[in-house]
Amino acid sequence: MMIDPLLVAELALLGVGTGFLAGLLGIGGGMLMVPFITIILGHRGASSDLAVKMAIATSMATIIFTSLSSVRAHHKRGAVRWDIVKRLAPGIVIGSLVGSLGVFALLKGQVLAIFFALFVGFSATQMFRNKKPEPSRQMPGTAGQLAAGGSIGFISGLVGAGGGFISVPFMTWCNVAIHNAVATSAALGFPIAVANVAGYVAAGRSVQGLPDASVGYIWLPALAVIAVCSFLTAPLGAKAAHSLPVAKLKRVFASVLYVLAVYMLWKGLHG
């Protein structure tokens, strides 16, 4: 599967849109990338099962780069709770490896597509409601944070997302200030991405029919183009957030997510 100008243009457009929306709305790009990478790979001859798996894995790989840029900005403002990162990270690594190296490899792409659709549908509903969980307790002890981190890493690995839709509500529920929760979630995206990508690479080494320029389930052309373009446009989105009606835009984006969720559900049910 040789890279061509049309493919570069498609991936660049996806990267530009993903980066801008990430900066504008404070979201990860996985929910947007996975359906479109699935479509792009499908149009280039990849099987439905393989296209879904590679889209999820490649989406996760881009988070390695985007999270570094985001964390740097948050850290400068002193917003990252590194104490929470240190306590959640071990569980995140364990959960990510269990998901990406074990369950992800065993499940068919159609099952993952259905799970992704349900997760995106739930996330879109949360964006529409814009309801913040009421702080009701403190962060749990070591065992509780190990379990929480494991759940975040595991679910993130199955949908190709950075875990923000899980970790931010969890932390705010535990009385972590929202700006600290968002910044800390960005920092958690790095161990989530690194551990899951390691699992995707190991699990996909013996898979037959992978496109050219693939390492395990990671499709390198998409990773390179999307990572560069999203890195360049994320600051533009963040700047635009100060002048655009973000609350209304979130509802528009949530509507788009519903459409993408329906597509992935159809993909899962009909292959």
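Residues are termed buried when their relative accessible area is under 20%. In this predicted model, the buried positions of helix α4 are Ile-84, Val-85, Leu-88, Ala-89, Gly-91, Ile-92, Gly-95, Ser-96, Gly-99, Ser-100 and Phe-104. These buried residues pack against α3 (48-76), α5 (109-129), α6 (142-159), α7 (164-173) and α8 (178-203).

A bend of about 35 degrees occurs in α4 at Leu-88, and Pro-90 follows within four residues. Leu-88 is itself among the buried residues of the helix.

Lys-53 lies over the face of the Phe-104 ring, at 5.6 Å from its centre.

Four aromatic pairs are present in the structure. Phe-128 and Tyr-258 make a stacked pair, with 5.8 Å between centres and 20 degrees between planes. Since Phe-128 belongs to helix α5 and Tyr-258 to helix α10 (residues 246-270), this pair ties together parts that are 130 residues apart in sequence. Phe-128 is partly exposed, at 30% relative accessibility, as is Tyr-258, at 31%.

The pair of Tyr-263 and Trp-266 is tilted, because the ring planes lie at 35 degrees, with the centres 6.1 Å apart. Both residues are in helix α10, three residues apart, about one turn of the helix. Tyr-263 has a relative accessible area of 23% and is partly exposed; Trp-266 is partly exposed at 46%.

Conventions:
Residues numbered from 1 in each chain as written. Predicted model: local features only at pLDDT ≥ 70, side-chain atom pairs only at ≥ 80, totals over all residues. Heavy atoms only, no water. Bend = angle between axes of the 7 residues up to and from the residue. Helix = DSSP H or I, 4+ residues; strand = E, 2+ residues; numbered from the N terminus. Buried < 20%, exposed > 50% of the residue type's maximum accessible area, 1.4 Å probe, protein only. Contact = heavy atoms within 4.5 Å. Phe/Tyr/Trp six-rings, centres within 6.5 Å; stacked < 30°, edge-to-face > 60°. Lys NZ or Arg CZ within 6 Å of the ring centre and 35° of its normal.
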